[in-house]
Structures are given as C-alpha cells and as structure tokens.
Amino acid sequence: MTSPEPVAVIGTGILGACVGWNLSRLGAPVVFIDAGQPGEGVTNWSFSWVNASNKTVRRSYFDLNVAGMAAYRELAGAIGPGSWWHPSGHLRWADDPAQLLETVDLLARWDYRVELRTGAEVRRHLEPALAIPDEVPVAFYPDEAWVHGRRLVSRLVREAGAEHRFGMAVLGIDADGSGWTVSLSDGTRLHVAAVVNAAGPSASHIAGLISRQLPMRREPGVVTRVSCARVPVHRAMHAPHVEIRPDGNDSVVLHSREVDALIGEDPAALAGRLQEAARYVVPELSDSRIAQTRVVERPIPIDGFPSVGAAPSVPGYYEAVSHSGITLGPVIGQLLASEIVSGQRSDLLADFRPERFP
C-alpha cells in the first residue's frame, strides 16, 4: 500500500488499537474511528486472560493463540510493561478433574508449559488466600497472563500518534474510485485508502455498510468488578464455578459461564451470584463491595473462529473480528498490518479468512 491517504481503523478496542499501532510502525498513516472511547467497550469488560490452554478445539487456533502470547512478550519489550502487563500465570481446577487432566495431557503433548500442583501446594507457594482442598489437582500455566485492556489500548493509541475520531459513529462507507469515503455522525466525510473493520460486536453492522455479510454469534457475557481493601489473589484463575483475577490495586474481576446462562435476570442479581461464588473460593472477599457490572455482547463470528484479513470481493476492506481478542490482539495486529502494507498473508491466518463467509 503506497497511498498517502490513511487507513481507517473502525473500532478502538484491543484489536483495532493493535492493528493501528502496527500500521503506524510500518509507516502507514492511520485514522482511528470509534463511536465510544478507546478501550471502553468489550475490551474493558473482558476477563482479559492471555492464554492458549483454553483454545484446543482446533490446532491452528491453538497455534495462533500461542503466537498471541509470544506477541505480548514482544509488545511488552517494545513499549514497556507499565501497569497493563501481568505475566503471573494462571490456575485452573475443577469439581471433576478428569477433563482437566485430559487437557493437561494434550497440552503437554503439544509442548505447552503446564505444571500439576495440589491444592495444598498452591496455597503454600502461589495463592495463600484460596479455600481449596489439599488434594485437589490444580493446573498451573506459568506462561499465561492477564492484561489491563483499557490501559493497554490507551497506550497504543497514544504511541501510534494517529489521527482519531472518537465519539463518532460510522454512518456510511462508500467506494470512491481510489479508496473509500467514510461518513461519520458529525457530518465528517473521510477519504481513506483502506478500511479495517475492528468494530467488535458492531462488526456485522459495519460489514453491512459495504453490503457484505458477516454472520455473528449472539453470546452475551456478564463481568463484575468488586472493590476490596486488599486484593487477595495474585493471578487469573478458574475455580469450579467462577473465574477470578486481580484488576489493579483495589479491585477484582469476576466472571462465570454459569452466570452468563442466567443473563436476563437483573444485573445486580447476577453480580450477587458472582460475588457469592468468589467468596466461597476466596473467603477474604467476604468484605468486598460490588463496584461495577456490565453485560456485553462478545464479538464472535458464527463459527466461533476469527475473521481476519482482506475480503477478496471487496478490495481495500479488511476484517479483524474475533473472540479472544485480548489474547490475539498483538499477533493479529502484527499480521494484519503486514498484510495491508505488503499484500502478503501469514500462514498462521490460513484457516481464518473472511471469504469463508459468502
């Protein structure tokens, strides 16, 4: 791509921010566009767990997530870890350990680092605050991490040094012969060389503006932040009925697929369920206070896998739409920016082409 006109990156969550930052590093001008503010949508309401241990349904998807973990280490080296990067590992245990042990065995065969501990060893060496039986098997994934997504997005947007239009919705995207004209809700019309659809839950709508079909799966999730005088856990963890991770100096993030299944109830009731489950695992959270709760739509293409890259039937249009955006943001940012600038597509993205959707 040699045009002096910018690439419009629509959506400034973790995926959009990573694509834009990488484009800027490659010398391409960028304009960020977001109906809200950077990192304050799904990115800010994610469990924000960087991993590949939960991505074993397809080997190519696992490999992409492993590459995502490596890309995070590169990113931390490039911009500094600051307060956004927390490579403290991850713990998982279950009421019935059979499936856990099966996954541990598979990951070990795939050369993924995992250590089996007992509950007693975890309390002694990693997480003293946990109420976990002594003999329960616990998988410890030392290379996994959590990130503070909003802080990372803010950092990337700032360091990209790009033009931006925040608080402005995209109303139209029209081919104009040499590229695209993007019409915004404030009346602005931007002439751009290419468009990146990184709009998360709104990606299907953005695709529709150019008459493209991007079918999405409806899968809402609820996340709660609780405030506490002292954060009693040191890393992300999956207990049998709740997911728990630190979120800075005075808060903890809670999520549960079981509670997601109850969405439709009052959000305050959902938050209460999450808090009660967390107190059972970490008794020190008994004095915690529910601070914020949000139900969000996860940005998941209909088959559950990312849609990344150029849509051949629409020259100059690219997609960066995925569940697991936290884990995949830096690697998708690298690979898609390179594809836009050079026209060369990475083999890591072979299974995730947009053209699989008609």
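Predicted model: local features only at pLDDT ≥ 70, side-chain atom pairs only at ≥ 80, totals over all residues.
**Reading strands, domains and spaces**

Reader: What makes two strands pair?

Author: Two strands pair if DSSP finds at least two bridges between them. Strands themselves are DSSP runs (E, at least two residues), helices likewise (H or I, at least four), and both are numbered from the N terminus. Take β22. Strand β21 (residues 307-310) is joined to β22 by four bridges, and the two run antiparallel. Strand β13 (residues 194-197) is joined to β22 by three bridges, and these two run parallel. There, Asn 197 has Glu 319 of β22 as its bridge partner.

Reader: How many residues lie between the strands in the hairpin of β21 and β22?

Author: Six residues lie between them. In this hairpin, Gly 316 takes a positive phi near 85°.

Reader: Which residues of β22 are on each side?

Author: The general idea comes first. In a regular strand the side chains alternate between the two faces of the sheet. Now the case. Tyr 317, Glu 319 and Val 321 are on one side of β22, and Tyr 318 and Ala 320 are on the other. All of these are buried, so both faces are covered. Buried means under 20% relative accessible area, exposed means over 50%, and partly exposed lies in between (1.4 Å probe, protein chains only).

Reader: How many residues of strand β15 are buried?

Author: Seven of the eight residues in β15 (residues 220-227) are buried. Strand β19 (residues 289-297) pairs with β15 over eight bridges, in the antiparallel sense. Pro 220 stands opposite Glu 297 in β19. Strand β18 (residues 251-255) also pairs with β15 in the antiparallel sense, over four bridges. Here Val 226 has Val 252 in β18 as its bridge partner.

Reader: Is His 238 buried or exposed?

Author: His 238 counts as buried, because its relative accessibility is 7%. Find it in strand β16 (residues 236-238). Contact means heavy atoms within 4.5 Å.

Reader: Which residues other than glycine have a positive phi?

Author: Asp 111 is one of them, with a phi of about 65°. Asp 111 sits in the loop between α3 (97-109) and β6 (115-118). Ser 324 is another, with a phi near 60°. Ser 324 lies in the loop between β22 (317-321) and α9 (325-342). Their surroundings are worth a look. Asp 111 is exposed, with a relative accessible area of 71%, whereas Ser 324 is buried at 13%.

Reader: What is Trp 110 in contact with?

Author: Leaving aside neighbours within four places in sequence, Trp 110 is in contact with Thr 56, Arg 59 and Phe 62. Trp 110 is also in the loop between α3 and β6.

Reader: Where do the domains run?

Author: Domain bounds come from an automatic or database domain assignment. Domain 1 is 7-46 + 150-215 + 302-349, and domain 2 is 89-143 + 220-298. The contact takes six residues from domain 1 and 11 residues from domain 2. The C-alpha centres of the two domains lie 32 Å apart.

Reader: What is a cavity, and what is a pocket?

Author: Rolling a probe the size of a water molecule over the atoms shows where empty space is left. On a 1 Å grid over the protein atoms alone, a cavity is a set of points where a 1.4 Å probe fits but cannot get out. A pocket is an open set with protein on both sides within 12 Å along at least five of seven lines. Lining residues have an atom within 4 Å of a point. Grid points are joined across faces, edges and corners, and a volume is the space filled by probe spheres set on the points. Here the count comes to one cavity of 30 Å³ or more.

Reader: Where does the largest cavity lie?

Author: The largest cavity lies between domain 1 and domain 2, because both give residues to its lining. Its space is about 30 Å³. Among the lining residues are Thr 43, Asn 44, Arg 225 and Asp 247.

Reader: What space lies in the second largest pocket?

Author: About 230 Å³. It is lined by 13 residues, and the closest to its centre are Trp 93, Asp 95, Pro 240, Tyr 280 and Val 281. The lining divides into 11 nonpolar, one polar and one charged. Ala, Val, Leu, Ile, Met, Phe, Trp, Tyr, Cys and Pro count as nonpolar, Asp, Glu, Lys and Arg as charged, and the others, Gly among them, as polar.

Technical notes:
Residues numbered from 1 in each chain as written. Heavy atoms only, no water.
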